[in-house]
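Please look through the following report with the model open beside you, taking one region at a time.

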Amino acid sequence: MFSQRRIRVLAATALVTFILYLHYSGDSESVQNQKFYQSTVTAINAEKEAAGNIKTGSHLPPTDKEHPSFKSSDEYTYVVSDDQEQPAIPRAQPDTQQQLDIPEKEGTEEISIAGRTKMTISKEKGRDGEAETYAESEAVPGVDDEVEKEKQKQQQLENEQKETKAELNDILKRSPIIIFSKSYCPYSKKAKTILLDRYSIVPTPFVVELDQHPLGPQLQSLLGENTGRRTVPNVLVNGRSIGGGDDIVALDEHDELASRLKSLAGKWLQEVQRKET
């Protein structure tokens, strides 16, 4: 049997235990009944529920339109993996997506050439997006041919001018007195008669029949530019013109032809005198 002392200790222990039980059970109920405790528990449960929804891919954004973080469902894309969570990425707007993914289509346009004709060209976007290059897509018939013909004509004219100048220089070396004539011209015949038949001239005057020369028209045009006389006859002494048929007749009638020839020809003219009739 238990002693009286042991019975008293057991009774005291039981009493203290009962009192402590009543104390803590009452405090627990009072704490749980407080609003702060209830709101804290609600927030913790909401966070746990939200975390569980993100892991399973079922998290939805706020549905309240007045909420600061509200966005339509089309603006969210959820990326969920087995090992880690990734934040929601806003989906690109339709116009931005079109600018990023859809390349600019090639177009065609027409441009004018020399203000007369048009050609169709293709317009291509440069790789760096800064410059545009144009490629010819359709040739315009006749334009290139006309340009090429014009170039050939200009080149031919330049070659003729060079050849004519060389021919004139070669003719002027033949004699100190050159008679540019035409075989059917009466004025040319009169000048040739005076210089060749009435006078004795050494070296003999050299006659060029322009109507029979292959470069006759070109030589006559060049003489007009150099001497100012475009008609025939054209008598040159040491490269200088002393006139045409009427001028030779006048100098002969005034007995000035021989002296004029000597003064212009210089030492190159060895002899010049009027023949006795």
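Which are the buried residues of helix 7 (residues 245–253)? They are G245, I248, V249, L251 and D252, where buried means under 20% relative accessible area, exposed means over 50% and partly exposed means in between, all with a 1.4 Å probe and protein chains only. Seen down the axis of helix 7, these buried residues fall within an arc of 165°, so they line one face of the helix; the arc is that of the directions from the helix axis to the C-beta atoms. An α-helix has 3.6 residues a turn, so residues three or four places apart point the same way.

On the other side of helix 7, D246 and E253 are exposed. The buried residues of helix 7 pack against several elements, among them helix 5 (186–198), strand 7 (199–202), helix 8 and strand 11 (271–274), with contact meaning heavy atoms within 4.5 Å. Helices (H or I, at least four residues) and strands (E, at least two) are DSSP runs, numbered from the N terminus. After helix 7 comes D255, which has a positive phi, near 55°.

## How the model was treated

This is a predicted model, in which local features need pLDDT of at least 70 and side-chain atom pairs count only at pLDDT 80 or more, while totals for chains, interfaces and linings use all residues. Residues are numbered from 1 along each chain as its sequence is written, and side-chain values use heavy atoms, with hydrogens and water left out.

## Helix 8 and A265

In helix 8 (residues 257–265), the buried residues are L257, A258, L261, L264 and A265. They cover an arc of only 140° around the axis, which puts them on the same side of helix 8. Just after this helix, G266 takes a positive phi of about 70°.

A265, which lies in helix 8, counts as buried because its relative accessibility is 6%. Not counting residues up to four places away in sequence, A265 touches P176, V237 and N238. The C-alpha atoms of A265 and I177 are separated by 7.8 Å, although the two residues are 88 residues apart along the chain.

Strand 9 (residues 234–237) and strand 10 (residues 240–243) run antiparallel and are joined by 3 bridges, where strands pair if DSSP finds at least two bridges between them. The bridge partner of V237 in strand 10 is R240. The hairpin has 2 residues between its strands, and N238 in the turn has a positive phi of about 55°.
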